[in-house]
Each structure stands twice: as structure tokens, then as C-alpha cells.
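Keep the structure in view as you read.

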There are 2 protein chains.
Amino acid sequence: MDVGDLTGQGLLQVLATLANPHRLRVVAALAGERNYVSRLARSLGISRALLQVHLRKLEAAGLVSATIEVSEDGKAMKFYEVTPFALHLTPEAIATAARTLGPDSELEAGAR
Amino acid sequence: MDVGDLTGQGLLQVLATLANPHRLRVVAALAGERNYVSRLARSLGISRALLQVHLRKLEAAGLVSATIEVSEDGKAMKFYEVTPFALHLTPEAIATAARTLGPDSELEAGAR
DNA sequence: CGCACCTGCTAGCTTTTGTTTGCACGTGCT
DNA sequence: AGCACGTGCAAACAAAAGCTAGCAGGTGCG
């Protein structure tokens, strides 16, 4: 996953998703090991409900992915893992992505 | 400017700052040419007041910098330009930055 | 002086985002 | 059955972010 692959909207979504301490910690935690919701919530010290909300956002942005697995003792658990991504953010990259975002009135030439 | 230079807080601030369509466009516009507030506002098609708010945030995050210059005809103008930055965002980089952010309860080992 | 530029600020409103609380359903073990 | 563990969802409230409108200041020129 490269920044070049993202449309302005996509980049915006990724940025907005990562711009949150909880979600940053979630990514950090999952970078070390895949984990299931309840355990991850305990490990991060936040409520399960809250974690779920953040996981949904992360998944929507394509930063993590989930797999449902049945443990030995029959419990259905949802394992999350990080998507290996690499965002190279520079002013130029942003300028490129911004073009697929929505015209900033596009009068550059005429603006004196 | 590298991601390694940033503390968790700093990274968070940069992400939060970039996670906005207007500010993304501002960075994109300034990547092409330095500009002063009023002209930039016209070029982007937004109000000056709104642009100022966003510029303040961008400046606070260290993504742009301002210089006051007096034009030939005596008007004091504030020119903005982008800070050349390069943020390499990967799960690992985030994991590192997250450590300087605030402990996620730190019981990793004991969490079964 | 009046108009066209430039700059700056902020109170107050709207919109979005984050968080809690409470409920639902499932399995296995005692 | 009761308890401990897993899952899911959503209403309702709290907090943060975004935006507008309106005010202030300055210069130069006809």
C-alpha cells in the first residue's frame, strides 16, 4: 500500500483514522501480534464497545483486517491483524493526491 | 523531518492536522508556490477567516511557516510556504511512536 | 474622504466524532 | 441453572472540530 495508490478521499480517510490516540495504539498493538477483540481491549485498558468502534474505523480504512476463528473450546473469536502499509507523506505526494480530491476552484492561472 | 523525530503527541498532531480536506489542499497549493493569505483564499475558494484558522493549525503542527513581507506598494502581506517534510508511516513506525504516547496499561505479559 | 487592498481576532452556532451504557445472542463448564 | 467467557449493536449523552459573521486594525490611491 503506497500513498500513490490512494485517491484524495482515501488518503483523507487513512489520515483521519490514524489521527486518534486509541487507534494509533491499536495499530501499534496489532503490529506486534494479532489479537482478538476482548483480549485486545483488556490489553489496551479500554472498554470492548469502544474498541469495537475504533476497530471498525480501522477496518473501513483498510488498515486492519479481521478473521473469525473458533477456539479449541468452541468460542468464536474475531482476530484482527494489521495490514502492512507504507505511507510516504510529503508535500508533493499530497499535492498529487489533492488533485483527485475536489477542485480548489481551479482558477490558479487567473488569480492575480 | 522524519517520523522518527516525532513523539507520539507530535505524530498525532501532524495526522490530525492533515486529516482535513481544506488543509490538504492548502499544503498542496503551497507545495507549488508560496503565497499570501488573501490570494491563497481566493485561489482555494474559501473565506479568508476560514483559511486563517487552518493555516494556524498547519503552522502549529510545523507543516507550514510564515514570513511577513511588505510589498512594493506598502501593503504588509503574510507569505506562507510548506515545510519540506517526509513522513514514512508504517505499522512499525507507529508502534515506535506509540510508546512515547501513553501506556496502554502495559500488562502485555500478564494478559492471558 | 471613500474605496480597495492587506492583516487579525473571536463569540456563537452547526456538525462531527468519541464514549458510555445497556441490551442481545452464543458456547462450555460446574 | 448460573457463571464466565466470546461476539454484536445502537441510543443517548459529552466533547471536539469546523465554519460563519462581524468586528478590529493598517496602507495607498483617486
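A residue is near a molecule or strand if its C-beta atom, placed from the backbone, lies within 6 Å of it. The model is predicted. By that cut-off, 21 residues surround DNA strand C. The closest are A:Ala49, A:Gly74, B:Tyr36, B:Val37 and B:Ser38.

**The surface near the DNA**

In chain A, 3 strands form an open sheet. Their order is β1-β3-β2, and the pairing is antiparallel. β1 and β2 of chain A stand at the edges. Each has a single partner strand, so one side of each is left without a neighbour in the sheet.

Now look at the pairs. Strand β1 (residues 35-36) of chain A is joined to strand β3 (residues 76-82) of chain A by 2 bridges. Here A:Tyr36 stands opposite A:Phe79 in β3(A). Strand β2 (residues 64-70) of chain A is joined to β3(A) by 7 bridges. A:Ile68 stands opposite A:Lys78 in β3(A).

β2(A) and β3(A) form a hairpin with 5 residues between the strands. In this hairpin A:Gly74 takes a positive phi near 85°. A:Gly74 is also one of the closest residues to DNA strand C.

α4(A) lies across β2 and β3 of chain A, at about 120° to β2(A).

**A helix pair in each chain**

Two packed helices are described by the angle between their axes and the distance between the axes.

| Helix pair | Angle between axes | Distance between axes |
|---|---|---|
| α3(A) and α4(A) | roughly 110° | within 9 Å |
| α3(B) and α4(B) | about 110° | 9 Å |

Why is α3(B) called roughly perpendicular to α4(B)? Angles from 65 to 115 degrees count as roughly perpendicular, and the angle of about 110° makes α3(B) roughly perpendicular to α4(B). α3(A) and α4(A) are therefore roughly perpendicular to each other too.

Next come the residues that meet. In chain A, A:Val37, A:Ser38, A:Leu40, A:Ala41 and A:Leu44 of α3(A) meet A:Arg48, A:Leu51, A:Gln52 and A:Leu55 of α4(A). This contact has 6 nonpolar, 2 polar and 1 charged residues. In chain B, B:Val37, B:Ser38, B:Leu40, B:Ala41 and B:Leu44 of α3(B) meet B:Arg48, B:Leu51 and B:Gln52 of α4(B). That contact has 5 nonpolar, 2 polar and 1 charged residues.

**Where the chains meet**

How many residues does the contact take from chain B and from chain A? It takes 38 residues from chain B and 38 residues from chain A. On the side of chain B that touches chain A, at least two residues each come from α1 (8-18), α2 (21-32), α3 (37-44), β4 (87-89) and α5 (91-99). α2(B) supplies the largest share, 8 residues. By class, this side of chain B divides into 25 nonpolar, 7 polar and 6 charged residues.

Strands pair between the chains as well. Strand β4 (residues 87-89) of chain A and β4(B) run antiparallel, joined by 3 bridges. A:Leu87 stands opposite B:Leu89 in β4(B).

Technical notes. Residues are numbered from 1 along each chain as its sequence is written. Chains are lettered from A and ligands numbered from 1 in the order in which they are written. This is a predicted model: local features need pLDDT of at least 70, side-chain atom pairs count only at pLDDT 80 or more; totals for chains, interfaces and linings use all residues. Two residues are in contact if their C-beta atoms, placed from the backbone, lie within 7 Å. Helices (H or I, at least four residues) and strands (E, at least two) are DSSP runs, numbered from the N terminus. Ala, Val, Leu, Ile, Met, Phe, Trp, Tyr, Cys and Pro count as nonpolar, Asp, Glu, Lys and Arg as charged, and the others, Gly among them, as polar. Two strands pair if DSSP finds at least two bridges between them. Axes are lines fitted to C-alpha atoms, for helices over the stretch in contact, and angles run from 0 to 180 degrees between N-to-C directions. Angles under 35 degrees count as roughly parallel, over 145 as roughly antiparallel, 65 to 115 as roughly perpendicular and the rest as oblique.
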